[in-house]
Amino acid sequence: MRVGMKPSDFNIKSHFYSTIWGNSEKEQIARNIVYISLTKMDDEFLPFSWEEYKKYCEHKVTEQEKWVLDDLAEGKYLFFKNNKYEVNAAFLGAILEFKINKVKESYEDGICPDCSEDILNDVVEGDECSNCGHVFTEEKSLSQN
Ligand SMILES: [Zn+2]
């Protein structure tokens, strides 16, 4: 896959906010795109047409949403070719803050099991706790997945 990230890598339980778009409509549409990619495209970012977007969304889609999609495409946050939109690296960069950190998520409450220090949001496998030296790994599979 071209982009290297999957829809399920993102936390879409709540809305995206404080993105570089600074626009809640774009943030809402972006979340919709991740949602339909996750639920209707086998957890892959595949190209989709406006008709498919309307069909896949579970809410009542308005024409306004097409303008927002076109706006994202115009701003180079989506590819648009052959009448299909496609997520690109700029799009993923804009919502990167909402990527789930699987290492941190594998610890209850996101804290070190030995000393209860907060685990950093960008922790990676093998990092040590700055407080006690505990080595973090993706220990358990996530219960919600
Ligand atoms: Zn610790």
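Guide: The protein is divided into domain 1 (7–98) and domain 2 (101–145), bounds that come from an automatic or database domain assignment. The C-alpha centres of domain 1 and domain 2 lie 30 Å apart, and the C-alpha trace of the protein spans about 55 × 30 × 30 Å along its principal axes.

This is a predicted model, in which local features need pLDDT of at least 70, side-chain atom pairs count only at pLDDT 80 or more, and totals for chains, interfaces and linings use all residues. Residues are numbered from 1 along each chain as its sequence is written. The pLDDT, which is the predictor's confidence in each residue on a scale from 0 to 100, averages 92 over the protein, and 93% of the residues score at least 70. Over residues 141–145, however, the pLDDT is below 50, and this stretch has two contacts in the model beyond near neighbours in sequence; a contact here joins two residues whose C-beta atoms, placed from the backbone, lie within 7 Å.

From the N terminus on, the elements run α-β-α-α-β-β-α-α, where helices (H or I, at least four residues) and strands (E, at least two) are DSSP runs numbered from the N terminus.

The part to examine is the hairpin of β2 and β3. Strand β2 (residues 78–81) and strand β3 (residues 84–87) pair in the antiparallel sense over four bridges, pairing being assigned if DSSP finds at least two bridges between two strands. Two residues lie between the strands of this hairpin, and Asn82 takes a positive phi near 50°.

Leu78, in turn, stands opposite Val87 in β3. Leaving aside residues up to four places away in sequence, Leu78 touches Leu69, Leu72, Ala73, Tyr85, Glu86, Val87, Asn88 and Phe91.

A residue is buried if 20 or more other C-beta atoms, placed from the backbone, lie within 10 Å of its own. Of the 19 residues in this core, Ala30, Leu69, Leu78, Phe91 and Ile95 touch the most other members. The elements that give two or more residues to the core are α1 (24–40), α3 (63–74) and β3, and α1 supplies the largest share, four residues. Nonpolar side chains tend to be buried together in soluble globular proteins.

Technical notes
Core = buried A, V, L, I, M, F, W, Y, C linked by C-beta atoms within 7 Å. Buried ≥ 20, exposed ≤ 12 C-beta atoms within 10 Å, placed from the backbone.
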